[in-house]
Amino acid sequence: ADAIKDDQVTGVDDYLLFQLAEELCVEFETCGDEGLSPINIRIIGQFMVGRERMTSLSCDEAEYSVTAIEKDLQATLVDNLAYHTKLAVSDQADTHCLMAYVAMNALVPLMRSINETSAKTIEDHVVASAIDCVVDDVEAVYQALNEHVIAKGIDCALLGSSVCDGTSTTVDLENNSEYTPNIDDADGKYTIFSGEYEPMTNVERLHGVSTVVNAICDADDKEVAKNTYLTDETAGLSIKSMSISAKYAMTDELQYNQYVYALQDSVDKTDGSLYFDGNPAGDYANTISSDALDTSLLLGCSSVKALNIWMWTVHKLNDAITACKDPVTPVTGELDEAAALWDGGLLFDMAEQLGPKFGQVQVDSMTLLNRNIVDRLNKAQGIILKSDNKCDNIAVHDLRIIVKETVSYMTAVLIQSFIDSMLGESPIREKQEMVELMSFAVLPHIKACGHEAASEKLYNDLVGGGFEERMSSDTLSVLQSHYNCLGLSCGEIGRHTAASSAHPLCTDNHDIAGYTPINATKTNMLAKLDLDVVAIHQMMSMEKSEVAKRIYLEGHNYYDYDNQADYSFVSLHNLTQSHTIEYTDFEMYRLYSEHLGEDFGNSLVIDAMDRQGIFRETTAAQRDLAVNVAISSIVSYMSALEALYLSVSVCESNQSESATAFDGAVALLIGSIEGRGLGGNIYQEGRMFYSIGKRTCNHFRTCRGGDAEANVELFSALKEGQDFIQQGDCYELADIAETINAVLKVPLMQSLLYFSDKTILEQSDDDAAGYVATMAVYPILADIDPIPANTIKSNMADFRQSPMDSEALEDTVHGALSDVFSNPKTSTILDCLLVTNLDEICSPDETPDNGNPNGPVYIKPEIPVSPEEPMPISNGLYVATNYVGDRSAISLDVQEIRERMKAKKFKRAKEYYNEGENSKIYDENGIPTGELRSIAGFSTESSVTMRSDP
C-alpha cells in the first residue's frame with residue numbers, strides 16, 4: 001500500500017515487496033508497457049477484486065483473492081532468490097551471496113510447510129556466516145525452487161528466472177516459452193493429436209513426456225526403467241515428482257483426495273496421517289508405480305500411465321477451471337498441458353489400443369473415447385479463447401461441464417484397461433498382477449459412487465486374494481452397474497471381444513430403486529446429487545472441510561442443462577435457498593420457516609463444516625455425521641417436498657412439467673446410490689431421505705424384506721402419484737401428495753428415536769447428529785403440541801450441557817413422544833405404529849404395570865407377513881415369487897457377527913451364531929412363531945433337513 005500512494009506506481013523510493021518486484025522485472029526485462037512488473041499488475045488486480053468481494057460480503061469468493069495474492073507474492077520471493085543465487089557464483093564481493101542468503105530466509109519458512117526436502121536443499125547450499133558466504137550448488141537451488149513452484153501452483157508466466165525449467169543454465173525468460181504464445185515452426189504450427197488440437201501456448205517440452213514414458217516402457221531392464229522414472233526431467237519434472245508433489249499441488253482437488261480416501265489402509269494415531277502400504281497415502285501413485293517397476297517392465301509401464309500421468313492430467317484440467325474462475329489472472333497453458341499429457345503420456349495410444357478390443361470403430365481417425373476427449377478439449381479451448389482468456393460466469397459453468405465429461409471419458413479408458421486385464425490372453429500370473437494394478441486405478445471411482453461395500457469386496461478379492469478367472473463375471477457386473485454414476489453408458493465402454501455368454505450383458509437403466517421416471521435423462525442427473533453428499537462425507541472424514549464446503553456450495557455432480565446463467569452447478573446449498581428454489585407455497589415450508597427460519601438447514605451445514613456455533617467443541621467424526629444427517633433429514637426432505645407440491649400446482653396447466661417435477665421429488669428423496677432395484681441398496685449406503693428409514697428399521701428390527709415399512713408405503717404412493725399424472729387426475733395427485741407428506745414424517749420421528757436410544761447414546765458420540773435429527777423433526781412436533789416438543793428440544797438440542805444420563809434422556813424423549821401421540825391431532829398426521837413398536841410411546845395406557853415381577857408381561861403382537869407376497873432380493877436383481885424376507889434376514893446375523901468380531905466381542909458374536917437374532921420363523925399363515933433361525937442351526941439341523949440330499 002505504501003508503494004502505490006497517491007496513485008503513483010512508478011518511480012517510488014519505498015523498499016517494500018512492490019519495489020522489489022519492480023527491480024526484478026527490470027533485471028529480467030519483463031516489465032510491461034508502462035514499466036510495471038507483471039507480478040505487481042496481477043496483485044493489484046487481485047486486491048481490487050478482493051475489495052469488491054468483501055464490500056459485497058462475498059466472503060467465500062474473497063478467499064480466492066486472498067489465496068491468489070499469497071501465491072503471487074511468493075513469485076517475487078522465488079525470482080529474488082533465483083536472481084541472487086545465479087549471480088553469486090561470479091560475484092567476488094559476496095554481495096549477491098549475502099542477498100541470496102537474505103532471500104533464502106524470506107522464502108524457506110514458506111517452503112518448509114509444503115516440502116521440507118526442497119527447503120532443506122536450499123538451506124544446505126546457501127550458507128552465510130560472520131566470515132564467509134557460499135552458494136555451492138546453483139542447480140540444486142533451482143531444482144528445489146522448481147519443485148516449490150510446482151507444488152505451490154505459482155504461475156510460471158510471472159517469473160523472470162528460469163526456475164520453471166529447473167535449471168540455471170537456460171537463459172532467463174526462455175523458460176517462459178512454455179507459457180507464451182506459440183511460434184510457427186518450419187511446418188506451420190505445433191499441434192497435438194495429429195493436428196487435431198493446436199495449443200494456445202508452447203507445450204513442446206511437456207509433450208516430450210512421451211520420450212520419458214517410452215524410455216520406461218522400452219527399457220532393457222527394470223533398473224534402467226526405474227532410474228528413468230526417478231530422475232528423467234525431460235518434461236520439466238520427473239514422473240515420480242508428479243506423485244510426490246501431488247499432496248501439495250492437489251491438496252484441495254476432489255478426485256485426488258478421493259483416491260487417497262479409497263486407498264488408505266492405516267492411520268497414524270499420533271497425528272491422524274493416512275498411510276497406504278506403509279507410505280503416506282498422498283504418495284499412492286509413487287508407491288504403486290515403484291512396486292510395479294520392481295515387478296516387471298510391463299506392469300511399471302502401465303502403472304506410470306494409469307496412475308501418475310492420469311491424475312496429473314486431471315490436475316491440469318482442474319487448474320484450468322481454477323484459472324477460469326479468477327477474474328484477474330488469464331487462463332494460460334493449463335488446458336494445453338492437459339492435452340500434452342494425455343497425448344505425450346501415451347494415454348491416447350493406450351485408448352487407441354483398447355478401442356478395437358471393445359468393438360469400437362474409428363470415429364474420424366481415432367477411437368470413440370479419444371474422439372470424445374479431443375472434441376471436448378477443443379471445445380474447452382474455444383470457451384477460453386472466446387472470453388479472451390478471462391472467463392465470465394457462463395464460461396466457468398461450461399468449462400466445468402466439459403472438464404467433468406472429459407474426466408469421465410478418461411475414466412472409461414481405465415475401465416477398459418481393467419476389463420482387458422481380466423479377459424485378455426495373458427498368462428494367469430501376469431493377469432493377476434495387471435488386475436491388481438488396475439484395481440488400484442479403478443476401484444477408487446466405485447467408492448466415489450458411494451458403494452464402499454462393493455469396492456472393498458472387489459479389493460479384497462482382486463488385491464488381497466488374487467484374481468481368478470471365475471471372478472471376471474461378478475467383477476464385470478459391478479463395473480457395469482457403476483457406468484451411469486461415472487457419467488458413462490454401456491456403448492461408451494463397449495463389450496470386450498473375449499467376453500462370452502458367461503459374462504453379463506450391459507444395459508443402460510435409469511430406474512431409481514425400482515421407480516421408472518418419465519423423464520429419465522433429467523431425473524437421472526438430479527438423482528446424482530447424492531454423489532455430492534458422498535464426496536462431502538469422504539472429505540469431512542479426512543478433515544478436508546474446505547473441499548467439502550466447496551462441493552456443498554458449488555456442486556459437483558448435478559448440472560442443470562436448462563439454466564446456465566448461474567456461476568456454479570446446481571448444489572445442495574442451492575436447494576436450501578428460497579431465491580434459487582422454484583416453489584415455496586406449501587404448508588411444510590411455511591411451518592419450517594416459522595419455527596427454524598428459512599436458512600436453518602444451510603446454517604447447520606455451514607456451522608458444522610466451519611466448526612462454529614453449537615459444533616465448536618465437536619470432533620471431526622461428529623461433524624461429519626451431523627452434516628450427513630442435516631442433508632438427508634432437512635435438505636433432501638424439504639427440496640423433495642418442494643418438487644412434490646410444484647408438481648401438484650402445475651398438474652392442470654402443464655402435465656409434462658408436473659411429471660418432471662414429480663420425478664424430481666423421487667430423485668431428491670432416494671438418490672442414485674440406492675441403485676436400480678426395488679428396495680434400494682442392500683448395504684444401506686444411501687445418502688438421501690430414503691436411507692433414514694432403512695438404517696433406523698435395522699436398528700429397531702422393524703425392517704421388512706430389507707426395507708422400512710414406511711419406505712414400502714412411500715414407494716407405493718409414489719407409483720400411484722406417477723400414474724395419476726399420466727392419467728391427468730390432478731385431484732387424486734393432490735390427495736396422494738398429502739399421503740406422501742404424512743409418510744415422510746415417519747423416518748424423521750424414527751431418526752429422533754434412534755439418536756435418543758440409550759444404547760446409541762452409550763456406544764457412540766453421535767450427540768451432534770442427534771441435535772440435527774431433533775431439529776429436523778421439531779417443527780412437526782411443535783405444530784402438534786409445543787410442550788412435549790420443547791421438552792425434547794431442550795434435552796436433545798443442547799447436548800453439550802445436558803445433565804441426564806443416557807437412560808434418563810431416553811425415558812424423557814419417550815415420555816414426551818407419548819404425549820405427542822396421545823394428542824388427537826396426531827392421528828390425522830402420523831401413524832405411531834408405523835414409527836415404532838414401543839408400547840410406552842404408542843399405547844402407554846394399554847401397557848400393564850410390570851412393577852410386579854410375577855405379573856403378566858405385555859408383548860405386542862408382531863405384524864404378520866403375506867406368505868404369497870413376491871419379494872425382491874439381491875438389490876432387485878431377483879424377485880422371489882413368495883415372501884422370503886425371513887430367510888434373507890439371516891444376512892443381518894452375519895453382519896452382526898462381523899461387527900462383534902471387529903470389536904473383539906467374541907462372546908456376543910457366538911450368541912448371534914448359535915441363537916440367531918434377525919431371521920424369524922413364521923407359520924403357514926404368516927404369523928411369527930416366536931422362534932428364530934440361526935447360522936449354527938444350518939449345520940446342527942442338517943442331518944434332518946438334508947437327510948435325503950445326495
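**Overall architecture and a helix pair**

Of the 950 residues of the protein, 55% count as buried. The model is predicted. Its secondary structure comprises 43 helices and 9 strands. Among contacts with a separation of 6 or more, 65% join residues 24 or more positions apart. The protein exposes about 41,000 Å². Carbon and sulfur atoms supply 50% of that area.

One helix pair was examined in detail. Two packed helices are described by the angle between their axes and the distance between the axes. Helix 12 spans residues 254-263, and helix 24 spans residues 529-541. They pack at an angle of about 65 degrees. Their axes lie 10 Å apart. Angles of 65 to 115 degrees count as roughly perpendicular, and helix 12 and helix 24 are therefore roughly perpendicular to each other. The crossing of helix 12 and helix 24 is left-handed.

Helix 12 contributes Leu254, Asn257, Gln258 and Tyr261 to the contact. From helix 24, the partners are Ala535, His537, Gln538, Met539 and Ser541. By class, this contact of helix 12 with helix 24 has 4 nonpolar and 5 polar residues. No charged residues take part in the contact.

Ser633 belongs to helix 28, which covers residues 620-649. The relative accessible area of Ser633 is 2%. Buried means under 20%, so Ser633 is buried. Beyond residues up to four places away in sequence, Ser633 touches Ile692, Leu748 and Ala776.

Notes
Residues numbered from 1 in each chain as written. Predicted model: local features only at pLDDT ≥ 70, side-chain atom pairs only at ≥ 80, totals over all residues. Heavy atoms only, no water. Helix = DSSP H or I, 4+ residues; strand = E, 2+ residues; numbered from the N terminus. Buried < 20%, exposed > 50% of the residue type's maximum accessible area, 1.4 Å probe, protein only. Contact = heavy atoms within 4.5 Å. Areas by Shrake-Rupley, 256 points an atom, 1.4 Å probe, with all protein chains shown as cover. Axes fitted to C-alpha atoms, helices over the stretch in contact; angles between N-to-C directions. Parallel < 35°, antiparallel > 145°, perpendicular 65-115°, else oblique. Left-handed = near helix turned anticlockwise from the far one by under 90°. Nonpolar A, V, L, I, M, F, W, Y, C, P; charged D, E, K, R; others polar.
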